[in-house]
Amino acid sequence: FAAASESVLKTVGYRYTATKAVIDLAAEETVQISVTLTNLGCAPVYDPCAVTLMVYDQEEELMWTQTMAEADLRKLLPGAEMTVSTSIPRDRLDDDETYILCIAIDDESGERFLPMALALETAPLEYQLAQFSIER
(Lines give C-alpha, C1' and ligand atoms only; values in the text may rest on other atoms or scores of the structure.)
Protein backbone atom coordinates (compact mmCIF):
# COMPACT_ATOMS: atom_id res chain seq x y z
CA PHE A 1 0.00 0.00 0.00
CA ALA A 2 2.78 2.46 0.89
CA ALA A 3 4.54 2.00 -2.45
CA ALA A 4 1.28 2.47 -4.35
CA SER A 5 0.33 5.62 -2.44
CA GLU A 6 3.80 7.07 -3.01
CA SER A 7 3.44 6.42 -6.74
CA VAL A 8 0.06 8.17 -6.81
CA LEU A 9 1.38 11.19 -4.90
CA LYS A 10 4.18 11.60 -7.46
CA THR A 11 1.68 12.02 -10.29
CA VAL A 12 -1.22 13.89 -8.67
CA GLY A 13 -1.60 17.45 -9.92
CA TYR A 14 1.17 19.11 -11.89
CA ARG A 15 4.77 17.88 -12.13
CA TYR A 16 6.78 20.20 -14.31
CA THR A 17 10.25 19.26 -15.43
CA ALA A 18 12.75 20.63 -17.92
CA THR A 19 13.37 17.85 -20.41
CA LYS A 20 15.80 19.72 -22.66
CA ALA A 21 18.02 22.79 -22.49
CA VAL A 22 19.86 24.06 -25.56
CA ILE A 23 22.53 26.76 -25.29
CA ASP A 24 23.73 28.09 -28.64
CA LEU A 25 26.98 30.04 -28.46
CA ALA A 26 27.40 30.47 -32.24
CA ALA A 27 26.09 34.04 -32.53
CA GLU A 28 28.56 36.89 -32.01
CA GLU A 29 26.28 39.23 -30.05
CA THR A 30 24.02 36.87 -28.08
CA VAL A 31 23.80 33.52 -26.34
CA GLN A 32 20.63 31.75 -27.47
CA ILE A 33 18.84 29.61 -24.87
CA SER A 34 15.83 27.36 -25.27
CA VAL A 35 14.30 25.17 -22.59
CA THR A 36 11.65 22.51 -23.12
CA LEU A 37 9.25 21.99 -20.21
CA THR A 38 7.05 18.91 -19.78
CA ASN A 39 4.13 18.30 -17.42
CA LEU A 40 4.56 14.76 -16.05
CA GLY A 41 1.55 15.12 -13.75
CA CYS A 42 -2.17 14.77 -14.36
CA ALA A 43 -3.27 18.44 -14.32
CA PRO A 44 -1.85 21.92 -15.02
CA VAL A 45 -1.56 24.71 -12.46
CA TYR A 46 -4.72 26.81 -12.29
CA ASP A 47 -3.27 30.12 -11.13
CA PRO A 48 -0.94 32.31 -13.18
CA CYS A 49 2.74 31.66 -12.61
CA ALA A 50 5.92 32.52 -14.45
CA VAL A 51 8.94 30.59 -15.63
CA THR A 52 12.16 32.43 -14.82
CA LEU A 53 15.60 31.62 -16.22
CA MET A 54 18.74 32.72 -14.39
CA VAL A 55 22.44 32.58 -15.18
CA TYR A 56 24.94 32.51 -12.32
CA ASP A 57 28.71 32.63 -12.44
CA GLN A 58 30.87 30.11 -10.56
CA GLU A 59 30.84 32.34 -7.47
CA GLU A 60 27.01 32.11 -7.50
CA GLU A 61 26.60 35.76 -8.46
CA LEU A 62 23.47 36.36 -10.53
CA MET A 63 24.61 37.59 -13.94
CA TRP A 64 21.30 37.59 -15.82
CA THR A 65 17.63 36.78 -15.26
CA GLN A 66 14.52 36.84 -17.41
CA THR A 67 10.90 35.93 -16.86
CA MET A 68 9.56 34.03 -19.84
CA ALA A 69 6.25 35.79 -20.50
CA GLU A 70 5.18 33.31 -23.19
CA ALA A 71 5.39 30.33 -20.79
CA ASP A 72 1.79 30.04 -19.57
CA LEU A 73 1.95 26.86 -17.49
CA ARG A 74 -1.85 26.83 -17.17
CA LYS A 75 -1.82 25.69 -20.83
CA LEU A 76 0.81 22.98 -20.32
CA LEU A 77 -1.44 19.94 -20.06
CA PRO A 78 -0.36 16.51 -18.82
CA GLY A 79 2.07 14.83 -21.20
CA ALA A 80 2.50 18.00 -23.24
CA GLU A 81 5.71 19.96 -23.91
CA MET A 82 6.36 23.69 -24.19
CA THR A 83 9.59 25.27 -25.40
CA VAL A 84 10.59 28.78 -24.33
CA SER A 85 13.45 30.67 -25.94
CA THR A 86 15.43 33.79 -25.18
CA SER A 87 18.80 35.37 -25.77
CA ILE A 88 21.38 36.90 -23.48
CA PRO A 89 23.51 39.79 -24.73
CA ARG A 90 27.13 38.56 -24.83
CA ASP A 91 28.31 41.75 -23.13
CA ARG A 92 26.50 40.59 -19.95
CA LEU A 93 28.87 37.60 -19.71
CA ASP A 94 32.65 37.50 -19.42
CA ASP A 95 34.92 35.53 -21.71
CA ASP A 96 36.68 32.43 -20.36
CA GLU A 97 34.11 32.00 -17.60
CA THR A 98 31.81 29.08 -16.79
CA TYR A 99 28.15 29.82 -16.08
CA ILE A 100 25.23 27.91 -14.59
CA LEU A 101 21.77 28.06 -16.19
CA CYS A 102 18.94 27.69 -13.66
CA ILE A 103 15.15 27.68 -13.81
CA ALA A 104 12.41 28.54 -11.30
CA ILE A 105 8.65 28.94 -11.28
CA ASP A 106 7.29 32.07 -9.60
CA ASP A 107 3.82 33.12 -8.50
CA GLU A 108 2.19 36.38 -9.61
CA SER A 109 4.10 38.41 -7.01
CA GLY A 110 7.46 37.08 -8.21
CA GLU A 111 8.00 34.79 -5.23
CA ARG A 112 9.49 31.35 -5.86
CA PHE A 113 6.71 28.95 -5.04
CA LEU A 114 6.55 25.84 -7.16
CA PRO A 115 8.85 22.85 -6.80
CA MET A 116 9.77 21.13 -10.03
CA ALA A 117 10.36 17.46 -10.80
CA LEU A 118 14.11 18.07 -11.07
CA ALA A 119 16.80 16.59 -8.88
CA LEU A 120 19.41 19.35 -8.75
CA GLU A 121 18.04 22.13 -6.55
CA THR A 122 20.71 24.85 -6.37
CA ALA A 123 18.83 27.27 -4.14
CA PRO A 124 15.36 27.08 -2.61
CA LEU A 125 13.08 26.27 -5.55
CA GLU A 126 15.75 27.07 -8.18
CA TYR A 127 17.04 24.22 -10.30
CA GLN A 128 20.26 23.86 -12.28
CA LEU A 129 19.78 22.90 -15.92
CA ALA A 130 23.22 23.20 -17.48
CA GLN A 131 26.69 24.71 -17.33
CA PHE A 132 28.30 26.51 -20.24
CA SER A 133 31.47 28.46 -20.95
CA ILE A 134 32.10 31.57 -23.05
CA GLU A 135 35.32 31.34 -25.02
CA ARG A 136 36.53 33.74 -27.69
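## A walk from the sheet to the core

Start by selecting β1, β2 and β5: these 3 strands form an open sheet in the order β1-β2-β5, with antiparallel pairing. Strands here are DSSP runs of E, at least two residues long, numbered from the N terminus, and two of them pair if DSSP finds at least two bridges between them. Look at the edges next: β1 and β5 each have a single partner strand, so one side of each has no neighbour in the sheet. From one strand to the next, the twist averages 20 degrees, using axes fitted to C-alpha atoms and angles that run from 0 to 180 degrees between N-to-C directions.

Before you go on, note that this is a predicted model, where local features need pLDDT of at least 70, side-chain atom pairs count only at pLDDT 80 or more, and totals for chains, interfaces and linings use all residues. Residues are numbered from 1 along each chain as its sequence is written, and side-chain values use heavy atoms, with hydrogens and water left out.

Now zoom in on β1 and β2, which are joined by 8 bridges. Pick I23 and you'll find I33 of β2 opposite. A hairpin of 5 residues links β1 to β2.

Stay in that loop and click on E29, which sits between β1 and β2. Is E29 buried or exposed? E29 is exposed, at 61% relative accessible area (exposed is over 50%, buried under 20%, partly exposed in between, with a 1.4 Å probe and protein chains only). Show R90 too: its C-alpha lies 5.3 Å from that of E29, although the two are 61 residues apart along the chain. Leaving out residues up to four places away in sequence, E29 touches I88, P89 and R90, where contact means heavy atoms within 4.5 Å.

Next, head for the largest nonpolar core, with 29 residues; V35, L37, L73 and L93 have the most contacts inside it. Such a core is a set of buried Ala, Val, Leu, Ile, Met, Phe, Trp, Tyr and Cys residues joined through side-chain atoms within 4.5 Å. Elements giving two or more residues to this core include β3 (50-57), β4 (62-68) and β8 (126-134). Select L37 and its contacts, including V51, L73, I103 and M116.

Last stop: apart from that core lies another, of 5 residues, among them Y56, I100, C102 and A104.

Conventions. Helix = DSSP H or I, 4+ residues; strand = E, 2+ residues; numbered from the N terminus.
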